[in-house]
Amino acid sequence: DESQDTKHDVSPDLENAIETVNAEANTPEVIEPHKELNDDPVPLEIERDGTDVYINMTAQITDIEIEKGYNYKAWTFNGEAPGPLVVVNEGDTIHFTLENKDPAIPHSMDFHAVHTAPDKGFANVEPNEEGTFSYQATKPGVFMYHCGTAPVLSHIANGMHGVIIVQPKDGYPTDHEVEKEYAIIQNEWYKYNDLDDMTNGVPSQVVFSTKALHEGQSNTNGTVTAVKDEPLLAKVGDKVRIYVNNVGPNEVSSFHVVGTVFDDVYIDGNPANHMEGLQTVMLPASGGAVVEFTVKEEGVYPFVTHQFNHAQKGAVGFIKVTAD
Amino acid sequence: DESQDTKHDVSPDLENAIETVNAEANTPEVIEPHKELNDDPVPLEIERDGTDVYINMTAQITDIEIEKGYNYKAWTFNGEAPGPLVVVNEGDTIHFTLENKDPAIPHSMDFHAVHTAPDKGFANVEPNEEGTFSYQATKPGVFMYHCGTAPVLSHIANGMHGVIIVQPKDGYPTDHEVEKEYAIIQNEWYKYNDLDDMTNGVPSQVVFSTKALHEGQSNTNGTVTAVKDEPLLAKVGDKVRIYVNNVGPNEVSSFHVVGTVFDDVYIDGNPANHMEGLQTVMLPASGGAVVEFTVKEEGVYPFVTHQFNHAQKGAVGFIKVTAD
Amino acid sequence: DESQDTKHDVSPDLENAIETVNAEANTPEVIEPHKELNDDPVPLEIERDGTDVYINMTAQITDIEIEKGYNYKAWTFNGEAPGPLVVVNEGDTIHFTLENKDPAIPHSMDFHAVHTAPDKGFANVEPNEEGTFSYQATKPGVFMYHCGTAPVLSHIANGMHGVIIVQPKDGYPTDHEVEKEYAIIQNEWYKYNDLDDMTNGVPSQVVFSTKALHEGQSNTNGTVTAVKDEPLLAKVGDKVRIYVNNVGPNEVSSFHVVGTVFDDVYIDGNPANHMEGLQTVMLPASGGAVVEFTVKEEGVYPFVTHQFNHAQKGAVGFIKVTAD
Ligand SMILES: [Cu+2]
Ligand SMILES: [Cu+2]
Ligand SMILES: [Cu+2]
Ligand SMILES: [Cu+2]
Ligand SMILES: [Cu+2]
Ligand SMILES: [Cu+2]
Ligand code: NA
Ligand code: NA
Ligand code: NA
Ligand code: NA
Ligand code: NA
Ligand code: NA
Ligand SMILES: [Zn+2]
Ligand SMILES: [Zn+2]
Ligand SMILES: [Zn+2]
Ligand SMILES: [Zn+2]
Ligand SMILES: [Zn+2]
Ligand SMILES: [Zn+2]
Ligand SMILES: [Zn+2]
Ligand SMILES: [Zn+2]
Ligand SMILES: [Zn+2]
């Protein structure tokens with residue numbers, strides 16, 4: 001992206017001029033109805049009645065501190081970006097309600113985990129309204145969800161993405177070997193609400209977040225330090241499982257954990273798609289995986305996308321391994 | 001690409017100057033011998049005699065309307081871009097003739113489906129000449145073909161690409177489950193015949209086309225609206241199969257159908273490479289797949305590359321599902 | 001990248017100004033302590049005692065001629081970029097010593113093949129010091145290695161990368177079919193030691209190198225002509241195996257051999273990850289594969305990344321096939 005690459009390409013005068021304009025460009029251009037908005041995050045509501053699962057979520061405008069001192073007035077689900085982790089079981093019927101608290105823009109929900117006609121099941125919910133939709137999650141996996149309102153790129157890149165895990169009815173063949181498990185999401189950030197930069201530029205930040213799968217685990221937003229400040233935890237000798245999805249919006253991911261090799265990988269989290277001994281797993285945009293690996297010594301194990309320009313922009317997290 | 005990203009980066013004066021130059025830049029720089037050329041598309045000729053298949057194709061200059069009102073004077077096979085779909089059987093011997101109707105530039109044919117020494121089997125055919133080549137298609141799959149004349153990037157990016165399906169001798173394990181099948185191709189367009197933009201820029205358009213596999217199906221070029229204006233058709237409950245290839249030239253694809261999950265995927269279309277339950281399939285540049293999925297409700301199901309900057313540039317198509 | 005794409009975007013005056021600055025920009029900005037340095041390559045030292053393998057390598061500053069007349073004062077392992085090929089056996093314990101001959105910058109070694117706590121096993125070795133580390137290579141495959149010193153992107157992009165093959169204890173199912181085997185590495189080069197270009201730009205060159213697996217084979221650096229000037233060799237009818245890794249640092253690869261189809265592919269080189277009949281294999285950044293294919297006729301078979309903007313920047317090599 002040119003604004004970040006002027007150092008050697010232009011004369012000093014032009015460089016100064018461009019830096020001035022860049023400073024303006026980096027000022028968030030928040031749309032008028034969002035200017036005073038910063039809704040507090042609200043917890044995900046999820047209730048089960050047999051195989052019927054009732055999920056309530058919000059679309060809302062909430063500041064996310066992507067880097068120290070830089071707040072992005074994100075378009076979010078429930079005030080998080082990525083949105084809250086949803087976990088259901090293979091075969092569940094989801095009854096989903098979206099409450100759109102955005103006063104200005106319609107939003108919607110596209111769960112990659114379900115079968116539905118998108119023009120109905122993923123339909124827009126107008127500002128200050130709510131909509132309810134039902135569909136079944138018939139396949140196990142680590143699925144992306146996202147707002148599907150046009151222009152979709154703006155809605156995803158402004159923060160409306162997340163992960164729904166559909167747990168396999170018969171589990172994974174390696175379930176009994178796993179001592180710790182975590183959920184990790186990769187996403188990119190662009191210049192604020194700048195569809196042109198989202199379409200033609202390179203990411204400003206590429207980040208990881210973690211979402212609590214079990215009691216005591218953290219929920220973080222996608223920021224350049226989130227999974228460094230609060231590392232994932234494991235004990236020497238543990239087999240660790242990570243449910244990972246790369247929600248994009250634009251880039252693919254080369255997911256890698258330093259200091260180990262994946263014992264087992266399930267592409268998109270489906271137990272049928274088993275691979276072994278991968279150093280790095282290729283994730284398409286919106287692609288997921290379950291990866292499992294053993295940490296044999298005490299210390300700090302970083303994970304990255306091995307597309308290192310993206311690691312350089314933030315996409316690094318830590319796993320802290322302590323003695324048993 | 002900078003010309004599409006000037007809004008916030010430069011002063012208004014410089015912006016105006018750049019816009020003026022861009023307008024010129026976007027004027028096709030058609031080479032002199034192509035200036036008055038716009039050859040009508042000619043149908044693919046394909047004849048079979050046992051396992052010998054005789055295929056005649058042309059290299060020709062033909063206008064392709066990529067976006068409403070924007071004609072790209074494409075370098076094509078048979079006046080289509082992508083070129084016509086070729087379907088043969090595993091084990092066939094192909095006898096291929098290329099008639100080069102381009103008065104100025106040599107062209108050639110590289111079928112990814114065949115075994116041959118490229119300097120002989122994929123050799124250049126000079127302007128206004130024709131060349132015949134023979135080779136065998138020994139592996140089943142959804143293969144790219146393209147002109148292999150240097151600079152190859154110019155020939156592919158100017159339109160000389162397409163798909164050859166080699167049908168597996170023993171079929172796919174899921175053949176009996178499939179009710180509808182279609183062929184889809186993803187390709188990118190760049191500034192007209194601008195090797196520098198093709199090499200260092202980002203795509204101007206990313207598009208889908210469909211090619212008729214069966215009687216009554218459409219043949220379209222790769223344009224931003226081709227598979228929206230004429231959606232693929234299916235009935236509620238159908239299992240739909242798509243043969244897909246991402247011919248690039250530069251970008252990988254994260255192929256996804258909204259509102260469903262792939263039941264079965266065969267990477268590169270080889271029955272041995274079976275995956276299940278994918279939300280999105282990763283296609284390298286020139287990579288293919290057979291993907292199968294069930295559409296359970298009436299409505300419109302978009303498909304995209306989930307690299308949403310590319311969807312934003314056109315890479316969206318529709319599947320229209322009606323009641324049985 | 002803008003500096004390579006000014007032709008149509010700006011006025012002639014501005015273009016001249018930019019070209020002047022670009023000329024300066026392309027002058028290597030070698031850091032002061034490296035200015036007079038150009039250490040001769042030193043051979044890899046590797047000795048075996050049972051399953052204990054003792055490996056000595058250097059970190060050193062050495063000129064690499066990437067293109068004719070363009071020397072890149074690379075940060076290297078052993079004076080090669082990529083560094084020397086390391087081959088060990090599944091289950092080996094590696095005792096690794098890094099001698100850091102760089103007078104100014106710490107370096108380190110991250111083998112993707114091993115299990116270790118990175119903050120200890122991949123720790124920095126200070127200038128003019130050496131460090132020794134031990135760890136086990138428990139998984140077979142075609143693994144990347146690289147310097148892991150911060151900023152990692154600078155160290156990899158300046159040349160500190162290579163491949164370690166861990167040979168599977170029980171071999172590959174197709175071992176008996178293979179007549180020739182070679183090792184190939186893909187890497188990118190950016191503007192000299194320009195972390196901004198490495199982070200936000202596009203590659204200046206994308207290249208292949210080959211490293212000797214067997215006596216009589218070549219060792220080359222990653223240059224735009226390395227595997228054209230000295231092609232890989234095979235005989236008509238050979239099944240050829242290539243161990244390939246895409247060390248990046250930033251880009252994924254769509255590895256393809258023209259004129260053939262891969263009979264067998266082992267993703268990341270693990271015998272468990274078998275695919276068949278691929279035209280192109282998707283390699284994430286730092287991803288590897290074993291690919292096997294048959295060459296049926298005399299002639300020259302190019303291989304490429306089918307992301308053709310990268311092939312255009314150099315990523316083409318040749319296999320020369322002669323009569324038996
Ligand atoms: Cu939205
Ligand atoms: Cu989606
Ligand atoms: Cu051509
Ligand atoms: Cu090709
Ligand atoms: Cu280093
Ligand atoms: Cu690494
Ligand atoms: Na990128
Ligand atoms: Na590792
Ligand atoms: Na791109
Ligand atoms: Na879907
Ligand atoms: Na690129
Ligand atoms: Na080929
Ligand atoms: Zn728990
Ligand atoms: Zn690593
Ligand atoms: Zn296992
Ligand atoms: Zn038919
Ligand atoms: Zn979707
Ligand atoms: Zn099935
Ligand atoms: Zn040997
Ligand atoms: Zn080819
Ligand atoms: Zn085989």
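A polar contact is a pair of N or O atoms within 3.5 Å; within protein, one atom must be able to donate a hydrogen and the other to accept it, and residues adjacent in sequence count only if both atoms are side-chain atoms. By this rule, 22 residue pairs, both members at pLDDT 80 or more, are in polar contact across the interface of chain A and chain B.

The model is predicted, with local features needing pLDDT of at least 70 and side-chain atom pairs counting only at pLDDT 80 or more, while totals for chains, interfaces and linings use all residues. Residues are numbered from 1 along each chain as its sequence is written, chains are lettered from A and ligands numbered from 1 in the order in which they are written, and side-chain values use heavy atoms, leaving out hydrogens and water.

**The interface of chains A and B**

On the side of chain A that touches chain B, α4(A) gives the most, with 6 residues; helices (H or I, at least four residues) and strands (E, at least two) are DSSP runs, numbered from the N terminus. This side of chain A divides into 26 nonpolar, 16 polar and 12 charged residues. Here Ala, Val, Leu, Ile, Met, Phe, Trp, Tyr, Cys and Pro count as nonpolar, Asp, Glu, Lys and Arg as charged, and the others, Gly among them, as polar.

Contact (heavy atoms within 4.5 Å) links 54 residues of chain A with 40 residues of chain B. Between them the two chains bury about 3700 Å², 53% of it on carbon and sulfur atoms. Buried area is the accessible area (1.4 Å probe) that two parts lose on being put together, summed over both. H115(A), D196(A) and N200(A) supply 16% of the area that chain A buries against chain B, more than any other three residues.

The count of salt bridges between these chains is 1. K139(A) forms a salt bridge with D263(B), with the closest N and O atoms 2.8 Å apart; the term means a side-chain nitrogen of Lys or Arg within 4 Å of a carboxyl oxygen of Asp or Glu.

**Metal sites**

Donors are N, O and S atoms within 2.8 Å of the metal (3.2 Å for Na, K and Ca).

| Metal | Protein donors | Distance |
|---|---|---|
| sodium ion (ligand 8) | V257(A) (O), T260(A) (O) | 2.5 to 2.8 Å |
| copper ion (ligand 4) | H112(B) (NE2), H146(B) (NE2), H306(C) (NE2) | 1.9 to 2.0 Å |

H146(B) lies in strand β8 of chain B and H306(C) in the loop between β19 and α6 of chain C, so the pair joins two chains. H146(B) is buried, at 2% relative accessible area; buried means under 20%, exposed over 50%, and partly exposed in between (1.4 Å probe, protein chains only).
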